[in-house]
Amino acid sequence: MRLNKIQKTAVTALEDIKARDIKVLDVRKLTSLCDTMIIASAESNRQVKALAQHVRDRLKDIGVGIMGVEGEEVGEWVLVDAGEIVVHIMQPAVRAHYNLEELWETPATKRRTKAGDRASA
């Protein structure tokens with residue numbers, strides 16, 4: 001199955017239940033664990049859990065196998081591992097603390113973002 005279709009399905013599932021600040025990162029040059037990392041925020045434990053379940057269900061609907069799910073018991077940060085794609089759903093404080101975007105963005109992306117920040121200042 002094409003990676004693009006899996007990404008779109010996961011992002012649409014997140015949007016269905018009002019996830020915020022959805023970020024899609026291409027991590028192929030950084031790791032062999034997955035190709036894409038998707039990070040999204042949710043306002044409560046209940047929403048985090050609902051988003052994780054919805055992402056899992058939508059991916060299964062298109063034939064994507066779910067390798068594992070972590071963090072559902074607590075609901076502050078749930079990781080859905082779908083092999084090629086890993087989806088992180090976090091409450092804002094947890095997301096700010098771990099700052100996965102900074103850890104997983106490629107150096108070229110960081111440079112472009114910083115150059116864009118200077119240009120807009």
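The model is predicted, so local features are described only at pLDDT of at least 70 and side-chain atom pairs only at pLDDT 80 or more, whereas totals for chains, interfaces and linings use all residues. Residues are numbered from 1 along each chain as its sequence is written, and side-chain values use heavy atoms, with hydrogens and water left out.

The protein holds 5 helices and 5 strands; these are DSSP runs numbered from the N terminus, with helices being H or I of at least four residues and strands being E of at least two. Read from the N terminus, the elements follow the order α-β-β-α-β-β-β-α-α-α. Of its 121 residues, 39% are buried, a word used for a relative accessible area under 20%, with exposed meaning over 50% and partly exposed in between (1.4 Å probe, protein chains only). The protein exposes about 7,100 Å², and carbon and sulfur atoms supply 51% of that area, as given by the Shrake-Rupley method with a 1.4 Å probe, where for residues only the protein chains shown count as cover.

Buried residues of helix 1 include Leu-3, Ile-6, Val-11 and Leu-14, and their cover includes strand 1 (20-26), strand 2, helix 2 and strand 5. Just after helix 1, Lys-18 adopts a positive phi of about 65°.

In soluble globular proteins, nonpolar side chains tend to be buried together. Here the largest nonpolar core has 22 residues, and Leu-14, Ile-38, Val-55, Leu-59, Val-87 and Ile-89 touch the most other members. Such a core is a set of buried Ala, Val, Leu, Ile, Met, Phe, Trp, Tyr and Cys residues joined through side-chain atoms within 4.5 Å. Two or more residues each come from helix 1 (3-16), strand 2 (36-41), helix 2, strand 4 (77-81) and strand 5 (85-90), and helix 1 gives the largest share, 6 residues. Beyond its neighbours within four places in sequence, Leu-14 contacts Ala-19, Ile-22, Ile-38, Ala-40, Leu-51, Val-55, Val-87 and Ile-89. Another core, of 9 residues, lies apart from it and includes Val-27, Met-37, Ile-39 and Leu-100.

Helix 2 (residues 45-61) carries Arg-56, which counts as buried because its relative accessibility is 10%. Residues up to four places away aside, Arg-56 touches Ile-66, Val-69 and Glu-72. Asp-57, also in helix 2, is partly exposed at 27% relative accessibility. Asp-57 and Ala-13 are 44 residues apart in sequence, yet 8.8 Å apart in space, C-alpha to C-alpha.

Finally, the aromatic rings. Rings of Phe, Tyr and Trp (its six-membered ring) pair if their centres lie within 6.5 Å; planes under 30 degrees apart are stacked, over 60 edge-to-face and the rest tilted. This rule gives 1 aromatic pair: Trp-77 and Tyr-98 are tilted, at 4.9 Å centre to centre and 50° between the planes. Trp-77 sits in strand 4 and Tyr-98 in helix 3 (residues 92-98), so the pair ties together parts that are 21 residues apart in sequence. Trp-77 is partly exposed at 25% relative accessibility, and Tyr-98 is partly exposed at 43%.

Terms used:
Contact means heavy atoms within 4.5 Å.
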